[in-house]
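Please open the structure in a viewer and keep the selection panel at hand.

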4 protein chains.
Amino acid sequence: MTPTTGVWFVGARGSVATTATVGALALRDGIAGPGGGTGCVAELPEVAAARLPDVGELLIGGHDVSGTSLPKRAEMLAQGGVLPARLPEVLAGELAEVDARLRPGAGPATDATQREAADRIEADLRAFQAEHRLRRVIVVDVSSTEPPLAEDPRLDSLAALERALDAGEAPLPPSSLYAYAAFRAGCPVVAFTPSPGPRVPAVAELARERGLPWAGSDGKTGETLLKSMLAPLFTMRALRVRSWSSTNLLGGGDGQTLADPASAASKTVSKARGLESMLGHPVDGPLHIDYVPDLGDWKTAWDHVSFEGFLGVRMSLQFTWAGCDSALAAPLVLDLVRLTARAQEAGETGPLAALGFFFKDPAGSDEHRLPAQWDALTAWCARLGAEGAA
Amino acid sequence: MTPTTGVWFVGARGSVATTATVGALALRDGIAGPGGGTGCVAELPEVAAARLPDVGELLIGGHDVSGTSLPKRAEMLAQGGVLPARLPEVLAGELAEVDARLRPGAGPATDATQREAADRIEADLRAFQAEHRLRRVIVVDVSSTEPPLAEDPRLDSLAALERALDAGEAPLPPSSLYAYAAFRAGCPVVAFTPSPGPRVPAVAELARERGLPWAGSDGKTGETLLKSMLAPLFTMRALRVRSWSSTNLLGGGDGQTLADPASAASKTVSKARGLESMLGHPVDGPLHIDYVPDLGDWKTAWDHVSFEGFLGVRMSLQFTWAGCDSALAAPLVLDLVRLTARAQEAGETGPLAALGFFFKDPAGSDEHRLPAQWDALTAWCARLGAEGAA
Amino acid sequence: MTPTTGVWFVGARGSVATTATVGALALRDGIAGPGGGTGCVAELPEVAAARLPDVGELLIGGHDVSGTSLPKRAEMLAQGGVLPARLPEVLAGELAEVDARLRPGAGPATDATQREAADRIEADLRAFQAEHRLRRVIVVDVSSTEPPLAEDPRLDSLAALERALDAGEAPLPPSSLYAYAAFRAGCPVVAFTPSPGPRVPAVAELARERGLPWAGSDGKTGETLLKSMLAPLFTMRALRVRSWSSTNLLGGGDGQTLADPASAASKTVSKARGLESMLGHPVDGPLHIDYVPDLGDWKTAWDHVSFEGFLGVRMSLQFTWAGCDSALAAPLVLDLVRLTARAQEAGETGPLAALGFFFKDPAGSDEHRLPAQWDALTAWCARLGAEGAA
Amino acid sequence: MTPTTGVWFVGARGSVATTATVGALALRDGIAGPGGGTGCVAELPEVAAARLPDVGELLIGGHDVSGTSLPKRAEMLAQGGVLPARLPEVLAGELAEVDARLRPGAGPATDATQREAADRIEADLRAFQAEHRLRRVIVVDVSSTEPPLAEDPRLDSLAALERALDAGEAPLPPSSLYAYAAFRAGCPVVAFTPSPGPRVPAVAELARERGLPWAGSDGKTGETLLKSMLAPLFTMRALRVRSWSSTNLLGGGDGQTLADPASAASKTVSKARGLESMLGHPVDGPLHIDYVPDLGDWKTAWDHVSFEGFLGVRMSLQFTWAGCDSALAAPLVLDLVRLTARAQEAGETGPLAALGFFFKDPAGSDEHRLPAQWDALTAWCARLGAEGAA
């Protein structure tokens, strides 16, 4: 199958990107095994109805600051049980090809100013698209979570931002720098982390100006996914949630990042936002994200919900979710690439509210309830399918 | 408020009926407290849109074989923490009034033949309606669960059933005898237990013939409720469930009944039916219902779900639900009375598929997924609301 | 039964003291019901062997700063399900008698200097003992948890402390002020909270000087109790614990105090100390204590243990403990009073290492494993029993 | 290291024996990795004090009816995550050597009568010992669980048994046939399954007559292990257990066997026996063992304990144990071989009560509490160590 759609990972050698890359190659080559495509929402008939590009049409490139090669990273993931043992070996050659397409990430070592960094990223993206004759390139941020952003007037409008960059200043957090450069290069963006990325007003304005769609933010893969399904259970049954307490134990790279309280704050806020919105009232209870290195790429979440029923009787629900972070995230990343590519093809612009189904903090929408998000997603897919491809 | 709608409980002195009765009286008198109406789905705007009779318009009567009076039963439930301590005392007089309206249940002691029993029940219902000048009476089965029914050609058609009853035979299980008599008396039926009740073909035929609606069966209050919310989570996310194991510990009267393996079979089948339908494939795993007297009116369910994600990686979800059976069931019983009364008013007949939201084994529908059931319920309510009352 | 042993609660109107007081009165009067004495370790034959004073011989008094009377507090606890509904009413008169014996707690409002406060507390204790002709009085700290203590040379020796007090200074945290005054009055002390109390070197020196025993600190009632039983399971089976993560949700007064991070630090340190000691190596994993007001006097703890077995295979254990804080603590408080009284009678002085069984942070011992603590306790009781009473 | 002690597995190609064999070889060759010997109780100083034969001194043989070779079985276990991926390959040659020593198990295909089968097994054992010049051979039953035994007077005494065998009858269940033959060959026996084995009176009499020790039965590896640690927690704290409900989900070979209700009965009885003994009173609650093939060699147990504290307040403890059956059992099997060999060396005979620590249904002892079993084990080891080797 000829590649038509480029995928440009920011954080291309991280666990999520590596898992997505191995999976995409294995699916393309038909060696993923019977459960290979499990977790790919885009393969469900209600979503496939949108007539999406095939996984086999994707071509992967990206930026990364890590020195560990993609084939090596895949081996490590296989040792941790995230990938089937045989795949890294079978795909070693193809992974090395992808690895050869990766470019050094932005940083003080590579670029004198943010303006120069943005220009270089934009050039990398244009070169990637031209060299492989791709119809479009989707930029996906799967790099480490950044701390929340302080107020900065230079980020309030595109004009203010351009002035600051021209003046040699560096007002953009890395995720937003990539989004800025991507939009300049005519590429849609998928913000899979809670980092600011394309949400920064100046950058969102650029997307609007260039007529580009983007999706975000913060992939909903575990405990928040369950919350977004269980909170509606309580509201549909008129049961009153009194407290909802959550503990998340993470071992992987993301866990390590979140050991830094500033970065954790970003994730915690993103996770908490939805619950109050779904229940219709604030609710007590802590929300912890803890780094437990021993867990490797796995995460375990425990939630305790105390609720009230008829005549005030108190009851409780607890759940424990034990999942593999990268295995949960990777198929959604591929889904988002295919859906965002289709959205661009169909001429959609700005934040893609219909993709809220995938995110903890859905851009362009206040809806956090998974069933309603599913309805919105599948209605949108049906519409795109009916409209026909460009 | 003048009573307009009769509620006739089969099993009127059981935990569920007693809790519903106390709750209905407390809500009518405005003494239920701030969380009193919690769990009443009919109070949600999307359901109230159907323009339902008010809880205060309900007048309660019923049959029971138990000798323990309603006020005494309420005291016992308060001691077990199912009802607020003060209510049985405050409502003692009103409970005694309801108790005075209860009639002895059908049984060998009271009736020579099933025909006679049916006639007597029908007469009780007609007398109740006439005496209190009620627009309609809804019969609600909240009595003990019966064992599954063996094939019997006498139950296959109304004609065959009438012949057998005329011949002095007793082909009907008690739940179906009550449903038969109810329909003869022109009363809609709510089958809140897994017992055969109105599902028996001959009895369902009678409902059709008389143009009466009925709802059933087996109220969805705990572990199955969660299953019907979580199974769609897995299908919407294209995750493959490998096994789903369930343990239910029950202490109450229902638990005791279910200690009898024959009755348990009825419940187990009713609970299991939905999972395969929701997942689209059969799934391994035991389903236990155990009687643990020490738990009283409380039940604790533990479910373990093993599932598979991207590239076949295995993960798991566990939940523990600790609920009060009667407190979960009672508000749904009141909801069903109000909705079924409204359905009769609007001229609906036969099994009310739109009420599948309330049941483990929805009559007239194959849909077990809670979000889809909610959509069906609220669409129906909106339609009834738009049509106006008769 | 004539009272022989006084109990002087610091925090006499708190949940733990109120529950202990109601229980002691109910047991004395023989109205505690069949499960009344459940949780009283001193009633087990191996402990009773020490020939302890009977619960009926205890006479209760104390200090408190709260204005809510003991009978009122008991009613509130009964409403929360901590005490049987009937007891507060039946015991109202006796609770009012205890309440009349309570004295205002130390604080800026009552005493100009710490020296004066200590003198007043000492006088209160001596008056209580004299008035009721008690053989001895045990002072039990069940007041709110204090933050950890900063280094202070004035607390390093009794001489330094006396100089500071004489100079009108206030170097003692409240818990240690009470312990100081108790020892001056010739009373043994039980430190049931993690507050510094008698552990402060200057105060411990005073106990030694006066030949008085004391016990502490921080009652082991829930999650740490389980830890102290389960950690030895892993070591006895040569299984390697890789991480141990704990979340504690508390609703009661203690939870509120611990919402203050400084106080929480005190408890967290006290809880964590034991695990490393029991496992023989440090172990990863967070330890959270969270205040969830909705839980009332109840607490729920979730622990997740990741461990390694043969050839490095990884496995896990999770537990959820849902307990009533005061109901767990109160019988231990009565046990400690009776055991400490017996220790004084037998001439024991200083920290009572044999009572480590009751504490998260056992004074006079490095042993945290519950089975070994049980062996030490019962050996000590057997010895006291053999020695005979004074 | 020269082999001194033979290990003869009945069920030598099963999961437990294969894991134990791979582990023993890996430990001998020093390639087990840092966590290799984890789970080996015999390596703890308190147990090693008995001066046990080294793992490297063990030589493995056995019987099996399965056609799957040991190297193949090891590969399958590695794929299921039970063994490290590299070991089966590295040890392929040594596993083939062990495999070559395995003899066909007893069955209708191999032996005309039980007498002949016993003679053949005895001859196999004697040949194994002679060929490898072993000081002793320990026979370990790790084959499939058998159903409980019906009363049979032919098994009541050795004389009756010998008469029946002479008469060409087949009164012995397979596990007891192996034990009988082992004792005839002068070999001690370890009964790691709940099958009757050496417990049958006639066979136990033979052990006594020949002056041979044996250990059993039913290895305590998971849920029962936890029970034996947690039940003493409740008794030491004088808390009253009201109900204890257990659900065990097993995927492995043992799970499959236990899908047969008759065999499950054997295990269930063995598991339940201890709880009442430890708590001192019978206790409500179901005990389920379910076969869930999807879980492979893993098992998940959920226990729910409802208990009562001070003044009758009710609380609960739940735990979930997710373990790898063979990885939990294998090191204990090696421990038991080494301890039983040492017992024979020291002249011990009959059931080894001191090894109750390892078993659900300890032969020669009524003690089920793990801490007390640990004390008994380590006291015995200290005594053996002090006595010196033969």
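The stops below begin with a whole chain and end with individual side-chain pairs.

This is a predicted model, in which local features need pLDDT of at least 70 and side-chain atom pairs count only at pLDDT 80 or more, while totals for chains, interfaces and linings use all residues. Residues are numbered from 1 along each chain as its sequence is written, chains are lettered from A and ligands numbered from 1 in the order in which they are written, and side-chain values use heavy atoms, with hydrogens and water left out.

**Stop 1: chain A as a whole**

Chain A holds 14 helices and 11 strands; helices (H or I, at least four residues) and strands (E, at least two) are DSSP runs, numbered from the N terminus. The radius of gyration of chain A, taken over C-alpha atoms, is 21 Å, close to the 21 Å that the globule rule gives for 390 residues, so the chain is as compact as a globular protein of that length. That rule is 2.2 Å times the number of residues to the power 0.38. The C-alpha trace of chain A spans about 70 × 50 × 50 Å along its principal axes.

Of the 390 residues of chain A, 64% count as buried. Buried means under 20% relative accessible area, exposed over 50%, and partly exposed in between (1.4 Å probe, protein chains only).

**Stop 2: helix 3 of chain A**

Select residues 70–79 of chain A, which form helix 3. Which residues are buried here? They are A:Leu70, A:Pro71, A:Arg73, A:Ala74, A:Leu77 and A:Ala78. These residues lie on the same side of helix 3 of chain A because they cover an arc of only 160° around the axis, the arc being that of the directions from the helix axis to the C-beta atoms. Next, select A:Gly81, which follows helix 3 of chain A and has a positive phi, near 85°.

**Stop 3: chains A and B**

Show chain B beside chain A. A rotation of 180° with 0.0 Å of shift along its axis superposes chain A on chain B, with an RMSD of 0.0 Å. That is the relation of a two-fold axis. Copies are superposed by least squares on the C-alpha atoms of residues with pLDDT of at least 70 in both. To locate the axis, select A:Phe319, whose C-alpha comes closest to it among the residues of chain A, at 2.0 Å.

**Stop 4: salt bridges**

A search of the whole structure finds 104 salt bridges over all chains; a salt bridge is a side-chain nitrogen of Lys or Arg within 4 Å of a carboxyl oxygen of Asp or Glu.

Select B:Glu387 and B:Arg383, whose side chains meet in a salt bridge (3.0 Å, N to O). Both lie in helix 14 (residues 370–387) of chain B, four residues apart, about one turn of the helix. B:Glu387 is partly exposed, at 48% relative accessible area, and B:Arg383 is partly exposed at 40%.

Move to C:Asp361 and C:Arg199, which form a salt bridge at 3.5 Å, N to O. C:Asp361 lies in the loop between strand 11 (350–351) and helix 14 (370–387) of chain C, and C:Arg199 in the loop between strand 5 (189–191) and helix 9 (201–210) of chain C, so the pair ties together parts that are 162 residues apart in sequence. C:Asp361 is buried at 9% relative accessibility, whereas C:Arg199 is partly exposed at 32%.

Finally, select A:Arg115, A:Glu122, A:Arg126, A:Glu162, A:Asp166 and A:Arg184, which are linked in a network of salt bridges.
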